[in-house]
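Work through the exercises below with the sequence and the model in view. Try each task before reading its solution.

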Amino acid sequence: MSPAFIEEAISKLISTYGADHVRRASEGGRTLARIDTVEMPPGCKPETSPMMLAFDPSQPKPLPYVQPGQLLANGKIPTSISPVMVGGESWMQFSFNIPWDEKNGIVRFVTAARQRFAQDA
């Protein structure tokens, strides 16, 4: 990811979710964007979650995280998850392969990350 793409992506997140709901920070060489609330697929508990996106120029795509405790639409705990500290907070990372192509944009990527929780496992 280029620095220009990262800037564009964060601007798009701010225009989509609102300046009051997206916080930006730096952590090492990464740029972090924390979205206060994203709606999860129907049936998920809780129904909304904050989401953190880590943009690392050395990585091929952003890394998404949600708050620990997020359940799938079927009420089960997601598989292949692990807790991590990002930006001074505890987050849940998952190994689900989210399709990525810069030309599709960051909002579509966030939607795909949320859809992971509609899965059965």
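**Exercise 1.** Is R23 buried, partly exposed or exposed, and what is its relative accessibility?

Solution. The model is a predicted one, in which local features need pLDDT of at least 70 and side-chain atom pairs count only at pLDDT 80 or more, while totals for chains, interfaces and linings use all residues. Residues are numbered from 1 along each chain as its sequence is written, and side-chain values use heavy atoms, with hydrogens and water left out. The next step is the scale: buried means under 20% relative accessible area, exposed means over 50%, and partly exposed lies in between (1.4 Å probe, protein chains only). R23 has a relative accessibility of 48%, so it counts as partly exposed.

**Exercise 2.** Find the salt bridges that D36 makes with R23 and with R34, and place the residues in the chain.

Solution. Begin with the rule, by which a salt bridge is a side-chain nitrogen of Lys or Arg within 4 Å of a carboxyl oxygen of Asp or Glu; by this rule the model has seven salt bridges. The side chains of D36 and R23 form one of them, at 3.9 Å from N to O. This pair links distant parts of the chain, since D36 belongs to strand β2 (residues 30-39) and R23 to strand β1 (residues 22-27), 13 residues apart. Strands here are DSSP runs of E with at least two residues, and helices are runs of H or I with at least four, numbered from the N terminus. D36 also meets R34 in a salt bridge, at 3.2 Å from N to O. As for accessibility, D36 is partly exposed at 23%, whereas R34 is buried at 11%.

**Exercise 3.** Describe how helix α1 and helix α2 pack, giving the angle and the distance between their axes.

Solution. The axes are lines fitted to C-alpha atoms, over the stretch in contact for helices, and angles run from 0 to 180 degrees between N-to-C directions. Helix α1 (residues 3-17) and helix α2 (residues 106-115) pack at about 70 degrees, with axes 9 Å apart. Therefore α1 is roughly perpendicular to α2, a term for angles of 65 to 115 degrees. Taking contact as heavy atoms within 4.5 Å, A9, K12, L13, T16 and Y17 of α1 meet I106, V107 and V110 of α2.

Terms used:
Parallel < 35°, antiparallel > 145°, perpendicular 65-115°, else oblique.
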